[in-house]
Amino acid sequence: GALTPEQLERAIAICVNHPRWRDIEISSSELRRAASDLGSPTLASFIESIYAILLARSGKSRWGDKTPGFVLEIDRLQRLFPGAHFIHIIRDARAVSLSLFEKRWFGPHLRNAAGRWAQCVQTGMSSGRGLAAGHYLEVRFEDLVRDAEAELRRACDFLGMQYSSAMLDYHERAAMNIA
C-alpha cells in the first residue's frame, strides 16, 4: 500500500544515511524530489524511482541489482516487484566456502562458511523454483566463465533482451563502473 509521509521520510533517511549511498551519486534533495513526484508512493515505486534516476543518467531501459544477500529475499522481492526476473548465479561450494572462511565472516570454522553457502543456495533455489514460469533462471558460475557467450545469450533470452557481443567486453569498462 501507499507509504505514509513518515514511512516515506524513514525510507529516504535509510537510503541517504547508508554508508554506500554516496556511491550512487544521488543527492538527498534529488531523491526527495523524485519521491515527492510519486504522489501516493509505495515502497516499490520509491525504490523504482531511485533506479529511474540511474536509468535516465545511463540511457539504459532496465535495472537490476546484484546484492548477494538478496538470494534469501526472493519471495519478498517477488511480492514487491511481481514482474521481476531472478538470475541465481551458483558458484561451486568449495570456492565460495574457502573465500568466506578466509574472510572469517561466519566464524573460525570452514563448516560455518560451507553451511552458509548451502543455506543461501538452497533457499534461493527453493524460492526461485517456486516462482511462476519464466521468472527464475539458474546459472552455474563455472559455466559462465567457461562459455560466457552461451550463458549470456541464455540470460538475455530469459530476460527478453537482445544479446550484444559488447557484453563480453565488460572488463574494459569495469573500472569506471565500480565505486
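Which side chain meets Arg-76 in a salt bridge? Glu-73 does, at 3.1 Å, N to O.

1. **Basis.** This is a predicted model: local features need pLDDT of at least 70, side-chain atom pairs count only at pLDDT 80 or more, and totals for chains, interfaces and linings use all residues. Residues are numbered from 1 along each chain as its sequence is written, and side-chain values use heavy atoms, with hydrogens and water left out.

2. A salt bridge here is a side-chain nitrogen of Lys or Arg within 4 Å of a carboxyl oxygen of Asp or Glu. Arg-76 has 54% relative accessibility, so it counts as exposed. Glu-73, at 27%, is partly exposed.

3. **Salt bridges overall.** The structure holds nine salt bridges. Side chains of opposite charge can pair when their charged atoms come close.

4. **Glu-30 and Arg-57.** These side chains form a salt bridge at 2.7 Å, N to O. Glu-30 sits in helix H3 (residues 28–36) and Arg-57 in helix H4 (residues 43–58), so the pair ties together parts that are 27 residues apart in sequence. Helices (H or I, at least four residues) are DSSP runs, numbered from the N terminus. Glu-30 is partly exposed at 22% relative accessibility. Arg-57 is also partly exposed, at 43%.

5. **Asp-92 and Arg-94.** Here the closest N and O atoms of the salt bridge are 2.8 Å apart. Asp-92 is partly exposed, with a relative accessible area of 25%. Arg-94 is exposed at 61%.

6. **Largest nonpolar core.** A nonpolar core is a set of buried Ala, Val, Leu, Ile, Met, Phe, Trp, Tyr and Cys residues joined through side-chain atoms within 4.5 Å. The largest one has 13 residues, and Leu-31, Phe-46 and Ile-50 touch the most other members. H1, H3 and H4 each supply at least two residues of this core. H1 gives the largest share, four residues.

7. Leaving aside residues up to four places away in sequence, Ile-50 touches Cys-15, Trp-21, Ile-26 and Leu-31. Contact means heavy atoms within 4.5 Å. Another core lies apart from the largest one; it has 12 residues, including Ala-44, Ile-74, Met-125 and Leu-131.

8. **Arg-10.** Arg-10 is in helix H1 (residues 5–16). Its relative accessibility is 59%, so Arg-10 counts as exposed. The C-alpha atoms of Arg-10 and Leu-54 are separated by 21 Å, with the two residues 44 apart along the chain.

Note on methods:
Buried means under 20% relative accessible area, exposed over 50%, partly exposed in between (1.4 Å probe, protein chains only).
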